Amino acid sequence: MTANVHKATPAHSALSLGAFAAGVLLFAAAAIASEAKPEMSVRIQFSGCTGVQRGPICLLGETRLLRLWVPDSAPAKVRVSSGGKVLVPQMATTQGSGALLEVVVPPGSARIIVEAGSEHLRLPVRQESEQPPVFAEAIALVRAGDAPAARALIEAEMEQVPDEWRGKALNLIGQLHRREGDLDAADRTLRESIAASARVGRQSEALKTATVLTFLLLANGNDVAGARELMQAQSASRIDAEGQYDLSYHRGLVAFNAGNARVALRELETAAAVAARMGRPLLKSYAESLLAVQLQRIGRHRLAGDLLAQWAGELPDNVSPCNRALHLTNLGWSRLLVLEAGETSDDPLPPLNEALSISADQCSANDRMNALTNLALAELHAGDAAKAAEHVARARDLTDKPRLRTVLWLLDIEARVALAQGDSSAALARLEQLDSLATATLSAGARWRAATGKGRVQHAMGNIDSALRSYAAADRLLDDAIFRVPLDAGRETLLTARASATREHIALLLEAGNADAAFALARRSRSRVLASLDVTERIAALQPYERLQWEAALAQYKTLREELDEKAGSAWMLPADELARLTAQNQQAEAQLRRIVDDAVASLDLSGPVDAAPVSPGELVLALHPLPEGWAVFAHDGEALTVHRSDCAQDADEELAACLLQPLSAMLQRAPLVRMLPSGRVKAVDFHALEIDGVTLLE
């Protein structure tokens with residue numbers, strides 16, 4: 001929902017020109033080179049340089065403060081010296097598996113030497129030269145609101161800028177072009193900046209600019225391939241810890257945008273680990289926040305929530321209020337996703353209320369609308385429909401230009417409120433509105449929510465046949481949407497809520513006496529889950545030419561999707577006849593989106609969810625599937641289907657699985673071959689080792 005709409009970059013990647021005043025642009029992005037000198041440890045990490053020159057040479061600022069992390073060592077075992085003189089650390093502590101120290105490098109030092117057992121580092125250092133005064137003058141103009149004058153000033157002074165600062169001057173000009181909306185000029189100038197910095201060996205400046213350009217490529221035009229190529233080109237330079245962090249962070253960011261979950265998780269975990277070792281909590285929070293969103297995307301909501309929860313109340317002081325609110329919003333949203341899946345979760349209300357409190361005075365109306373929408377959904381899960389209705393009413397009063405996704409969620413929540421208050425007719429009316437708006441704006445996830453919502457309401461009204469048709473329609477939409485998981489926004493709710501809807505659908509089929517259809521649905525649901533996992537794995541395993549094909553389709557899809565979303569922004573205000581015309585107009589766009597998806601899927605060589613194989617003679621197929629209340633246990637021996645409804649509720653997964661299978665003990669003993677199809681909590685149980693009546697299933 002809009003409460004979890006996440007730009008692919010946290011605030012620190014969207015560079016503000018004010019950062020120049022503090023002498024910080026972005027942290028550099030590079031890795032350790034393979035051609036490292038023999039005396040240079042590849043494991044000791046250093047940070048605090050104002051820049052890193054080819055060598056590497058650490059350029060020191062006025063404080064001359066250097067931070068060092070030495071692996072597998074205690075602080076007392078680390079010796080730091082310069083010019084034969086031992087340096088006394090200002091700070092020495094244990095950090096992770098190593099020692100973290102801060103030392104002030106004496107003036108005139110040519111290098112520092114770090115020794116700890118077999119670990120050693122000889123790092124050349126020199127004082128950073130003074131920046132050209134034009135930089136400070138330009139920053140003052142930017143702060144005064146005159147970015148064009150700032151750019152003109154630097155351009156006029158370029159001939160006087162020394163070669164070693166030319167890359168940074170071009171970087172600043174490029175960012176000013178971006179601020180003014182001239183993206184082509186920004187792209188061109190930033191590339192010139194990278195080349196200029198590389199020519200004089202200012203590796204960190206080149207890498208800083210590369211991260212800015214990476215953000216530009218991703219945010220404008222969805223050029224994932226270009227961003228990936230840019231970051232790969234920066235990977236062979238020795239650099240400091242900040243650079244190692246930013247290389248991994250931006251590689252993870254590119255993978256995040258490419259739908260490559262495996263690489264995104266690996267790189268973001270690496271970035272978080274580097275930040276933790278160096279004692280940089282702000283950087284660690286950035287990496288782990290994006291990591292949590294990636295975990296949400298692949299359905300690992302509890303792990304995402306745990307990751308975000310560790311920062312609750314402990315975010316660094318220099319996190320902006322709106323970023324703090326966004327973090328709390330995502331913590332609450334992770335918990336809501338667990339509830340949407342029909343499972344138990346920590347209470348989402350405290351972080352969501354705090355997010356709203358922070359947003360109330362300092363963030364945009366749409367941010368506050370997101371917070372209220374989240375709170376409304378959380379109150380529904382807490383059983384308070386009246387409070388949910390109050391939040392919805394407040395949200396609708398905040399702005400007359402809400403985001404489309406927020407409006408779609410508000411219609412959904414209003415339908416749920418009406419159903420909870422016993423007004424089924426009002427609930428259906430809202431769901432019809434949701435369906436019409438979602439269809440007109442090609443919002444697949446919202447169409448699916450409308451279909452499942454109708455099924456719930458029709459079931460509550462006692463109209464079983466209509467409810468089954470609605471759930472069947474939702475099931476067909478899932479098959480269509482499965483390959484859009486790496487492409488569309490809102491993927492986390494589709495992946496999550498489908499589990500809850502499938503439980504409801506199976507229970508309804510059993511209630512209607514159609515056990516065969518319920519068994520088929522349980523098996524098809526598993527096939528769909530496996531197919532979605534296959535998408536993730538195949539994206540990570542693409543060959544270079546296949547990756548280019550995938551990324552081209554991805555960029556094309558996202559660009560068209562954004563254009564449609566922009567046009568559909570006010571669709572919620574249209575009367576029925578105009579909404580119908582918009583629906584007709586978008587049919588051609590929908591066909592184009594489908595062709596793009598087909599191209600993308602073709603590059604992955606996927607067959608899609610397949611119908612379950614028939615049960616072989618002599619084989620016993622057991623499917624265990626959770627229901628809204630209790631479990632359904634299906635047993636098919638090739639001739640007949642048996643179904644048991646179970647109220648087993650053991651805390652341990654193995655004990656729950658044993659309880660579910662106990663009524664089938666006789667069938668298990670007779671069967672020569674057993675195929676297990678577990679879902680929900682029991683899918684990770686080692687069934688071969690499970691004991692039934694004192695005997696393992698394998699025996």
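Start by selecting Cys322 and Cys363: the torsion about their S-S bond is about -120°, so this disulfide (a pair of cysteine sulfur atoms within 2.5 Å) is left-handed. Cys322 sits in helix α11 (residues 321-340) and Cys363 in the loop between α12 (349-362) and α13 (365-381), so the bond ties together parts that are 41 residues apart in sequence. Helices (H or I, at least four residues) and strands (E, at least two) are DSSP runs, numbered from the N terminus. The two sulfur atoms are 2.1 Å apart.

Before moving on, please note that this is a predicted model, in which local features need pLDDT of at least 70, side-chain atom pairs count only at pLDDT 80 or more, and totals for chains, interfaces and linings use all residues. Residues are numbered from 1 along each chain as its sequence is written, and side-chain values use heavy atoms, leaving out hydrogens and water.

**The other disulfides**

The structure holds three disulfides. Pick Cys49 and Cys58 next: their link has -115° about the S-S bond and is left-handed. Cys58 is buried, with a relative accessible area of 0%; buried means under 20% relative accessible area, exposed over 50%, and partly exposed in between (1.4 Å probe, protein chains only).

Then jump to Cys648 and Cys659, whose sulfur atoms are 1.9 Å apart. This link is also left-handed, with -75° about the S-S bond. Cys648 lies in the loop between β13 (641-646) and α23 (653-661), and Cys659 in helix α23. Cys648 counts as buried at 12% relative accessibility, while Cys659 is partly exposed at 23%.

**The sheet**

Now show the strands β2-β3-β10-β9-β5-β6: in that order, the six form an open sheet with mixed pairing. Its edge strands are β2 (51-53) and β6 (85-86), each pairing on one side only. Two strands pair if DSSP finds at least two bridges between them. Zoom in on β5 (residues 79-82), which runs antiparallel to β6 and is joined to it by two bridges. Here Ser81 stands opposite Val86 in β6.

**Two buried residues**

Select Met278, in the loop between α8 (261-277) and α9 (281-297). Met278 counts as buried at 1% relative accessibility. Its contacts (heavy atoms within 4.5 Å), leaving aside neighbours within four places in sequence, include Phe46, Trp69 and Leu100.

Finish at Lys454 in helix α17 (residues 444-460). Is Lys454 buried or exposed? At 12% relative accessibility, Lys454 counts as buried. Beyond residues up to four places away in sequence, Lys454 touches Leu428, Leu431, Glu432, Asp435 and Ser470.
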